[in-house]
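Have a look at it first, then read on.

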Amino acid sequence: MSESRKKSVVMLLIDSLMDEPLQEAVKTGQAPGLRYFLENGRYVPDMISPFPTMSVNVDSTLLTGASSDRHKVPGLVWYNAKEKRIINYGSHIRELLKLGIKQSSRDVFYNLNQVHLSQQVKTLHEELDEKGIETCSINALLHRGSRDGYLQVPFLFSMISGLNQSVKINTSQLFSYGGFSKVNPANRSLFKKFGFNDRFSANELVHLIKTNKVPPLTLVYFPDLDQHVHKHGRNDAAGVAKADRHVQKILDSFPSWEAALKDHIWIVMGDNGQAWISGNKKEALIDLRSLLDAFRIVKLKKGVADDDDIVLAVNERMAFIYSLDKAKLPLTRIADILQQDERIDIIGWKNETDSIEVVSGEQHGKLTFRPGGKYTDEFGQTWTLEGDVNILDLTVEQSSMTYGKFPDALARLYTSFFSHEGDFLIANAKPGYEFIGEGSPTHVGGASHGALHKQDSLVSMIITGTDTKPAYNRLVDVKEWILDLVKSLGTGQ
């Protein structure tokens with residue numbers, strides 16, 4: 001069937017869906033739903049996630065088609081210099097409690113979409129609404145649209161969080177967000193993470209299918225695989241098998257699986273990968289507090305004090321490290337200390353000319369780079385490079401360059417330095433290791449993400465019902481492709 005005769009585009013975003021465990025689950029018969037999509041579609045095993053490889057940043061890029069220099073959501077944890085406070089969208093309950101559960105709840109449920117996600121960029125929902133095309137968001141962390149919507153906050157959570165029981169926000173026309181907003185009133189949600197789970201997501205989509213209400217674009221987020229991989233490691237096929245049960249349930253809601261393909265274009269994809277973490281706790285965890293114990297580090301509960309030197313914003317396998325007074329504590333001084341630890345493979349900062357300087361704990365030398373110049377990468381981006389290209393595992397031949405273990409490293413790193421204000425370093429851990437600060441989650445013997453490495457960065461994508469694909473194998477290029485796809489269908493049913 002031609003694209004123009006399909007009803008809609010349905011995107012299933014499965015957190016931490018990666019090639020190796022997907023292939024293993026399919027090969028061993030544990031994932032018949034995903035296998036059906038693979039056999040009837042095209043497969044891209046190496047889509048490149050934005051950096052940092054944390055879901056809030058990834059989803060912001062997916063929804064806006066922009067990197068963090070434009071959408072302004074830097075990562076899961078970051079420091080807001082204007083408000084002089086650490087913003088945390090949910091790394092661990094320990095950190096949220098120390099920062100204050102009321103402020104953290106407001107950041108997660110309101111500020112992330114309504115305030116922090118830049119108004120200078122438009123989301124998929126906003127752009128399609130301008131063209132009179134209906135969309136739906138189910139359980140997606142980033143969901144800003146043009147319509148008035150409401151989060152109906154359960155009474156108990158309202159008491160704990162300080163949120164009003166009804167919070168007005170901007171959403172897509174059809175909007176589902178756990179027990180806070182449902183398209184299916186009968187969907188039970190209270191006891192399993194307030195509905196922020198795969199079962200709730202699948203039930204919502206099945207309801208739309210059975211009532212023939214699937215709009216031209218539906219984006220459905222499945223969060224559970226992420227925690228499974230964190231615990232059991234990056235090659236965990238059992239977690240993929242669990243996600244597949246929900247995929248089967250969705251396919252089963254049609255008269256036949258063939259009917260599902262006939263009616264819709266399906267896109268199944270991961271958001272970020274995960275890198276393995278050593279089982280040796282002492283070795284695996286890079287404690288930034290002990291590395292930087294010569295300086296006063298902001299305590300989460302106290303907030304920024306006059307005599308503090310450093311703020312730590314730890315995003316699992318990457319960290320933003322801020323100097324509160326660059327004249328007193330230059331970033332290069334912090335970099336010199338971090339360089340003593342060979343578990344840290346990238347340490348970067350923005351210099352006075354807005355170029356990025358990068359050193360490493362595992363090799364000598366320095367690389368300085370900025371956009372524009374004589375070197376063209378595989379994505380058509382041009383760069384000026386000075387120094388040791390081995391720091392970022394670049395291969396340069398005459399005027400062209402290719403990436404090694406850090407995919408699209410220059411653009412992903414560069415944009416991160418312009419995602420928010422402040423004087424900060426970016427530190428990136430080698431596979432096998434993750435950073436910790438005060439109250440950080442740990443994943444010893446499992447897997448973790450956040451970093452620039454290809455283990456954190458490469459995700460799977462399955463496309464059915466269209467011969468097109470994004471301009472490049474990068475999540476930053478997905479939005480424009482989706483816009484074109486949805487527009488090609490007309491305005492619907």
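## Ground rules

Buried means under 20% relative accessible area, exposed means over 50%, and partly exposed is anything in between, using a 1.4 Å probe and protein chains only. This is a predicted model, so local features need pLDDT of at least 70 and side-chain atom pairs count only at pLDDT 80 or more, while totals for chains, interfaces and linings use all residues. Residues are numbered from 1 along each chain as its sequence is written, and side-chain values use heavy atoms, with hydrogens and water left out.

## The whole chain

The chain has 18 helices and 24 strands; these are DSSP runs numbered from the N terminus, with helices (H or I) at least four residues and strands (E) at least two. A compact globule of 493 residues would have a radius of gyration near 23 Å, and the chain's 22 Å agrees with that. That radius is taken over C-alpha atoms, and the globule rule is 2.2 Å times the number of residues to the power 0.38. Along the principal axes, the C-alpha atoms fill a box of roughly 65 × 60 × 45 Å.

Buried residues account for 61% of the 493. Contact here means heavy atoms within 4.5 Å. If you take contacts between residues at least 6 apart in sequence, 69% of them join residues at least 24 apart.

## Glutamate 357

Is glutamate 357 buried or exposed? It counts as buried, because its relative accessibility is 12%. Glutamate 357 sits in strand E16, which covers residues 356-359.

The side chain of glutamate 357 makes a polar contact with the side chain of asparagine 351 at 2.8 Å. A polar contact is a pair of N or O atoms within 3.5 Å; within protein, one must be able to donate a hydrogen and the other to accept it, and residues adjacent in sequence count only if both atoms are side-chain atoms. Leaving aside neighbours within four places in sequence, glutamate 357 also touches residues including Trp349, Lys366 and Thr368.

## Helix H16

Helix H16 runs over residues 409-416, and eight of its eight residues are buried. Among them are Arg412, Tyr414 and Ser416.

## Valine 304

Valine 304 lies in the loop between helix H14 (288-291) and strand E13 (310-315). It counts as partly exposed because its relative accessibility is 31%.

Apart from neighbours within four places in sequence, valine 304 is in contact with Tyr79, Lys84, Val298 and Leu324. Leucine 324 is 20 residues from valine 304 along the chain, and their C-alpha atoms are separated by 9.3 Å.
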